[in-house]
Amino acid sequence: MDDFDRPILSVNHLSKQFGPGCIHCSSGQSDSLIKNYCPTCGTVYACRDISFDLYPGEVFGIVGESGSGKSTLMQCLYFDQEVTEGEALIASYKNGEANIFEESSQQKRYIRNHQLGKVYQNPILGLRMGFSSIGNIAEKLIAAGGRNVGAMEARGRELLEHVNIPIRRMKEPPKNFSGGMQQRVQIAKALSNNPPILLLDEVTTGLDLSVQANVLDLIKKLQRELNISMIIVSHDLGVIRMLADRTMVMLDGKVIEYGLTDQILEDPQHRYTQQLVHSLL
Amino acid sequence: MEPILSIHNLSKSFMLHNLDKHIKAIDRVDFELQEGEFVGITGKSGSGKSTILKSIYRTYVINEGSIWYISKRFGRMNLAEASEREMVYLRKHEIGYVSQFLNAMPRTTARELVEQAIVEMGNGEDFAKQEAEHMLAHFELDEYLWDSYPATFSGGEKLRLNIARAMVKHPRLLLLDEPTASLDNASKIKVRELLEQLMREGTTMLGIFHDLEFMKNLCHREYNMQNGIFSAI
């Protein structure tokens, strides 16, 4: 068929372990593991054989309790962590034929700056809190090869305006801003090079309700206007329900369920997902 | 002619892990819908009527059986085995679902809600604006409500908006889950007019109605659901 079936991002059999592994835990397959932890050698199997596809313009949700491996997965995709095994293909990079995890560090930097944008739960990880806000955006533009100061400033203004940061405050550092504003600066920075894929890791966690709503509305608006593909990680089912068409549920480093979001919420199959859904409200 | 929807041996039960219990909702349901047909389902609450609709819409994962649907885009396909990606497409373009509850996006106005449904199908913003206003006016939703949040609406207003949102897409197959449950007579007549209009346009519809009076002279055929067993009337 046409491009309908062609994912923008394809992740296949991704695994990430912290620790050497031993004969007892045999690469995370053994029953002797306590959740995803090997009591003998202390290895944690954070992500175990994870596969999924992300399609152009879609919002894909990942839910799961703390420690289920959601953030590790996102870190692997953004090269914050090195994967133990697996591949990821991006359709807009080398025609989707190169495993991005096996590219040179120079190429990885290119992918990070041109193909991906990431927003962290903790703004300290995504921003330089002491630099000006517009400087934070310029940093990503420079990393992607931008050299024209005038053009970069214009782009920075445009982005900050887009995420509702008043232009008169663009020279202020994010440390002066509220949590919601910091998230919005992070989103502006992540969008600066028009990446086809945006990774959002618990972006509303820890914000008060009205600020949360404000950030969620912004994400929704961006998705509609820019038709950008997004992976949204959250333990908040409400956030997933509002934004994602399809959802994957993780537990102890494994994917236990995939489905349409309303199906996950109304007819969850796995014991854990049922428990999670019943915890809602 | 090949039916647009043919359901064979459809069974659905729910495994409730916390109670360690299996609950059977529908058992070996068989029926067909020809293109342009309007088929009604009656039955007591809890008899499994909604389960059929939700299985077609894939909100529920079925245990057994097949749901063959003829899609404009994909041709003949089994909805029970379609990819999620295909289902997302079908929901945006071909299969509509109206329930008695409005699952409105928070902080989205009535007008935006209808407009988004039109834009989702690949239409331009200007066209969407025009169509949305047309549809909201048709349902006699007071104009001052258009730009307010549906969370503040009355039950009847919410429902009318819900139907407007599904109808504006002119779906190929429309699933109606008690769409008139909480409406007053004037609103019911409005809904009926719209359903009749959709019928004239050739929309195939499968609907659950409590209101037998409403169903009379509207549906081509009726089925009754009793304890998960489905039978023609």
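**Helix H4, chain A.** I looked up which residues of H4(A), residues 133–143, are buried (under 20% relative accessible area, with exposed over 50% and partly exposed in between; 1.4 Å probe, protein chains only). They are A:Ser133, A:Ile134, A:Asn136, A:Ile137, A:Lys140 and A:Leu141. Down the helix axis they fall within an arc of 160 degrees, so they line one face of H4(A); the arc is taken from the directions from the axis to the C-beta atoms. Helices (H or I, at least four residues) and strands (E, at least two) are DSSP runs numbered from the N terminus. The cover over that buried set includes H2 (105–114), S5 (116–119), H5 (149–162) and H6 (179–191) of chain A, with contact meaning heavy atoms within 4.5 Å. Just after H4(A), I noted A:Gly145 with a positive phi of about 100 degrees.

**Ground rules.** This is a predicted model, where local features need pLDDT of at least 70 and side-chain atom pairs pLDDT 80 or more, while totals for chains, interfaces and linings use all residues. Residues count from 1 along each chain as written, chains are lettered from A and ligands numbered from 1 in written order, and side-chain values use heavy atoms, without hydrogens or water.

For A:Cys25, the nearest cysteine sulfur belongs to A:Cys38, 3.6 Å away. A:Cys25 is buried at 0% relative accessibility. For A:Cys76, the nearest is that of A:Cys47, at 5.4 Å; A:Cys76 is also buried, at 0%.

**Helix H5, chain B.** I checked the length of H5(B), residues 155–167: its 13 residues should span 18 Å, and the end C-alpha atoms are 18 Å apart, which agrees. The expected span is 1.5 Å times one less than the number of residues. Of those 13 residues, 10 are buried, so the helix is largely enclosed by the rest of the structure. Its cover includes H3 (110–120) and H6 (185–200) of chain B.

**Salt bridges.** A:Asp245 pairs with B:Lys92 at 3.9 Å. A:Asp245 sits in the loop between H8 and S8 of chain A and B:Lys92 in H2 of chain B, so this pair joins two chains. B:Arg91 pairs with A:Asp262 at 3.0 Å, again crossing between chains, from H2 of chain B to H9 of chain A. Within chain B, B:Glu37 meets B:Arg221 at 2.7 Å, so parts 184 residues apart in sequence are tied together.

Key
Disulfide = S-S within 2.5 Å. Salt bridge = Lys/Arg side-chain N within 4 Å of Asp/Glu carboxyl O.
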